[in-house]
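Okay, thanks for coming, everyone. Let me put the model up and then we'll walk through it together.

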Amino acid sequence: MAAEEQPSRKSYFFGKGYRDLGNTVAGAWVRNFQSIGKYKAHISNLDFDGGKIIAVFGFIVNGLAILAVFIFGSIITLLMTLANVVILLGFMLLVYIAFSLIWTVDRIYLIKNRIFTACHECKEKSLIPTYLCPQCGAQHTNLTPGVYGILKHTCTGNGSGPCGAKLPAVFFNGRRELQSECPHCGHPLMDRETVPLCIPVIGGRSVGKTAFITAFSRDFIEVVAGKKKWEILPYNSEKSAIYREILKDYNTGSTRMTERSLDRNKASSVSFSFFIKAPEFNPERLIHIYDIAGEVFTDNNENEVQKQYEYCHGIVFMLDPFAIPAVRYKYEHLLSPEDIAGIGSADINGIINSFLNKLREVTGLSEQKMSSVPLALVIAKIDSGGLDNEIGKTAVTRLMNSGSAGYDDFYDTQDYLCRKFLVDNGMEGFLNNITLKFRRNRFFACSAIGHPRDKGAYRPEGVMPVVQWLFNNADAAMLKAWNDVTFSAKPFALN
Ligand SMILES: Nc1nc2c(ncn2[C@@H]2O[C@H](COP(=O)(O)OP(=O)(O)OP(=O)(O)O)[C@@H](O)[C@H]2O)c(=O)[nH]1
Ligand SMILES: [Mg+2]
Ligand SMILES: [Zn+2]
Ligand SMILES: [Zn+2]
C-alpha cells in the first residue's frame, strides 16, 4: 500500500518494533552464552593439583551446568524468542488488519463517491493528490492508512529539520482540508476531495466553443444555481478572473479567442472550474469545463493530447453548421458580415478524425471506453440564417404540433431533426461515423449568443439542456437535484 518512502515516522510495529525485537532476542542469547562463560571460568579455575576429587566433582558439576544451560537455557531462550516474535507479529497483524480495513474504507469512500482529482493544469488524474504538511511543507505522496500510521501520519520534516506535525490520513478526519498539489506537475490544487464533473468542449476553430461555455457558465451560476440556492464557490483566483471575463463577454455579446499556449509543455486547454455546495451534493461537486483551442483539432499537432478525455464524464462536440458547404451555400445571403467573418472554416470530418485519434491515444485504443462516454453533438449558431426554422425551437414545435405520431418529446424531436439536417446536407458519413463510435450520443441545436456577435447581451437558446443531459448522465445526485427543465418546454428522456 505504501510503496514510496514517506516523510513520516513508521508506526512502532513496522519501524522501531523490528529493531527492538532484534535487540531483545540478541540480548537473550548473549546472556545465555554469558552464563556458559561463567561456568567455563569456574572450570578453568579448578585446582586439579589440590583436591583431585573436589576438582573432578567441580568439573562434573560445572560441566553439567554448561550442558544444562546449553540445552535448557537455549530451549528457554528459544521459547522466549519465539514468544516475543509471536507477540510482535500478532500486534503487527492487528495493526496490519486495522490499517488495511481503514485503507479499504477510505478507498471505497473515494471510489464509490467518484472522488478524484483532475489537475486543472496538466489534466492528469490522481486518486490521492500529494498533500503538503501544514507545518513544514513536506510532500506526502501517499497520505493513506498504512505502515506510517492508521489515522494520522507523523511528519518527519522536509529534510531541513524535524517536524512532528500530525497529518490526518483518512477522508473522515480532515485530510481534505490540507493543501495539496498535483503529483504529476506540482501545480497547487484546491480540490478538497470533491466529486469532479469534467466536460471538454471540442470542435474546430470558431465553431462557437467559447461562446457556448460563456453562455452555460453565466446562466448556470446566475440562474440555475440561484434558483436552486446552490452555493457556487470559485476554484481559485485565476478561475474568478475567467468568470469576470465571462460576465463581461456575456453582457456585451462578444467572445474572446481561446489562446493556445505557446509553451509546448502546457496543454492548450483552459478549464473553467467551480464548486457547487448544497445539501443535495455530498461531497461537493467540482465542475471543470474545458475550453480547447480549435487548432488542436486542425493543426494535427502530435504533442497535443488532452488527458482529460481519459476520465471525462461527457463530451460536447460543437459543429458550425455554416462550415458545411451545402448549408453555407443555402444561407450565406442571410448572414450578417459578423457571422460570415466568424464561420469556422475547418472541415468537420477532419476534425472528428483528429479527435478520434486523440481519444484513442489517451484511452489506449479502447473502443469500449470510447463508446461509453456520452457525446452531445451540438449544432451551434442556429440564430443565423434560417436554421431555427430547420432544427431550432420553431422547427421542433412545428413538428411536435403537426399531429404526426412519435414526436412528443422536445429533445427527441430535435435530435431527429438534427440528424436529418446532417443527412440532407451531405454529412451522412460523419453521422454514421459518430453514432457507430459513440453508443450514447444525442444531437442538440443551440445558439449561445442568440444573435450575431457584439450586438448586445447574450440570449442563449438550447445551451443548458446540453450540459444538463451530460451532468445527469454522469451523476445520480445531479439527476435528482436538477430534473426539472429550467430552459425547455418539456422534460427529456435520458438514455
Ligand atoms: N450568430 C452567432 N454567432 C456565433 C455564436 N457563437 C459564436 N458565434 C460566432 O463564432 C465566432 C467564434 O466563436 P467562439 O466562441 O470564439 O469560437 P471558438 O470555437 O471558441 O473558437 P476558437 O477558440 O478560436 O477555437 C464568434 O466570433 C461569433 O462571431 C452564436 O450563438 N450566434
Ligand atoms: Mg474559443
Ligand atoms: Zn497537474
Ligand atoms: Zn512537516
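So, which protein donors hold the zinc ion (ligand 4)? They're Cys133 (SG), Cys136 (SG), Cys155 (SG) and Cys163 (SG), lying 2.2 to 2.3 Å from the zinc. Donors here are N, O and S atoms within 2.8 Å of the metal (3.2 Å for Na, K and Ca), and water is not among the atoms, so sites may look incomplete.

Quick housekeeping. This is a predicted model, where local features need pLDDT of at least 70 and side-chain atom pairs count only at pLDDT 80 or more, while totals for chains, interfaces and linings use all residues. Residues are numbered from 1 along each chain as its sequence is written, chains are lettered from A and ligands numbered from 1 in the order in which they are written, and side-chain values use heavy atoms, with hydrogens and water left out.

Back to ligand 4. The 4 donor atoms subtend angles of 104 to 113 degrees, so the arrangement is tetrahedral (for four donors, all angles between 85 and 135 degrees). For reference, the ideal angle for four tetrahedral donors is 109.5 degrees. Along the sequence, the spacing of the donor residues reads C-x2-C-x18-C-x7-C. Cys155 counts as buried because its relative accessibility is 1%; buried means under 20% relative accessible area, exposed over 50%, partly exposed in between, with a 1.4 Å probe and protein chains only.

Now the zinc ion (ligand 3). Cys119 (SG), Cys122 (SG), Cys182 (SG) and Cys185 (SG) are its protein donors, 2.3 Å away. This site is tetrahedral as well, with angles of 107 to 112 degrees among the 4 donor atoms. Here the spacing is C-x2-C-x59-C-x2-C. Cys119 sits in the loop between strand 1 (117–118) and strand 2 (125–126), and Cys185 in the loop between strand 7 (180–181) and strand 8 (188–189), so this pair, 66 residues apart, links distant parts of the chain. Strands are DSSP runs (E, at least two residues), numbered from the N terminus.

Last stop, ligand 1. An oxygen atom of ligand 1 is 2.7 Å from a side-chain N or O atom of Thr210, and a nitrogen atom of ligand 1 is 3.1 Å from one in the side chain of Ser384. Polar contacts, by the way, are pairs of N or O atoms within 3.5 Å. On its own ligand 1 exposes 650 Å², and the protein buries 96% of that (Shrake-Rupley, 1.4 Å probe).

Note on methods: Tetrahedral: all angles 85-135°; square planar, octahedral: opposite > 155°, others 65-115°. Polar contact = N/O pair within 3.5 Å; in protein donor to acceptor, adjacent residues only side chain to side chain. Helix = DSSP H or I, 4+ residues; strand = E, 2+ residues; numbered from the N terminus.
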